[in-house]
Amino acid sequence: MSASSPHFDVAAYALGVLDDDDAEAFERHLDECAPCRAELLETQELPGMLDAVKDGSVSSPERSHP
């Protein structure tokens with residue numbers, strides 16, 4: 001897990017980018033950490049949303065230039 005705190009691994013775990021050892025360690029951390037469980041629930045849709053943008057099924061908002 002990240003050197004500073006497992007709390008920074010929520011997004012990495014949700015995106016599936018942690019190696020097996022780090023993912024297992026983070027899962028053990030989730031058993032004890034309600035804030036990380038809540039954050040994970042909030043971010044669990046992120047991978048699907050990113051896939052939709054990548055596949056072009058979601059259009060990005062137009063940027064307005066001043």
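Visitor: Hello! Does Thr43 count as buried or exposed, and why?

Guide: Welcome! Keep in mind that this is a predicted model. For burial, we look at relative accessibility, and buried means under 20%. Thr43 has 18% relative accessibility, so it counts as buried.

Visitor: Where does Thr43 sit, and which residues is it in contact with once its neighbours within four places in sequence are left aside?

Guide: Thr43 belongs to helix 3, which covers residues 34-43. With those sequence neighbours set aside, Thr43 is in contact with Val10 and Ala14.

Visitor: What pattern does the protein follow along the sequence?

Guide: The pattern reads α-α-α-α. The protein has 4 helices and 0 strands.

Visitor: Now for the rings. How many aromatic pairs are there?

Guide: Here is the general idea to begin with. Two numbers describe a pair of aromatic rings: the distance of the centres and the angle of the planes. In this structure the count is 1 aromatic pair. Its rings belong to Tyr13 and Phe26, with centres 5.0 Å apart and planes at 40°, so the pair is tilted. Planes under 30 degrees apart would count as stacked, and over 60 as edge-to-face.

Visitor: Which helices hold Tyr13 and Phe26?

Guide: Tyr13 is in helix 1 (residues 10-15) and Phe26 is in helix 2 (residues 20-32). The two residues are 13 residues apart, and their pair links distant parts of the chain.

Visitor: How does Tyr13 count for accessibility, and how does Phe26 count?

Guide: Tyr13, at 22% relative accessibility, counts as partly exposed. Phe26 is at 0%, so Phe26 counts as buried.

Visitor: Let's turn to cysteines. How many disulfides does the structure hold?

Guide: A disulfide is a covalent bond between the sulfur atoms of two cysteines. This structure holds 0 disulfides.

Visitor: To finish, what share of the protein do buried residues make up?

Guide: Buried residues make up 24% of the 66 residues. The accessible surface comes to about 5200 Å², and 52% of that belongs to carbon and sulfur atoms. For contacts with a separation of 6 or more, residues 24 or more positions apart account for 39%.

How values were computed:
Residues are numbered from 1 along each chain as its sequence is written. This is a predicted model: local features need pLDDT of at least 70, side-chain atom pairs count only at pLDDT 80 or more; totals for chains, interfaces and linings use all residues. Side-chain values use heavy atoms; hydrogens and water are left out. Rings of Phe, Tyr and Trp (its six-membered ring) pair if their centres lie within 6.5 Å; planes under 30 degrees apart count as stacked, over 60 as edge-to-face and the rest as tilted. Buried means under 20% relative accessible area, exposed over 50%, partly exposed in between (1.4 Å probe, protein chains only). Contact means heavy atoms within 4.5 Å. A disulfide is a pair of cysteine sulfur atoms within 2.5 Å. Accessible areas come from the Shrake-Rupley method with a 1.4 Å probe; for residues, only the protein chains shown count as cover.
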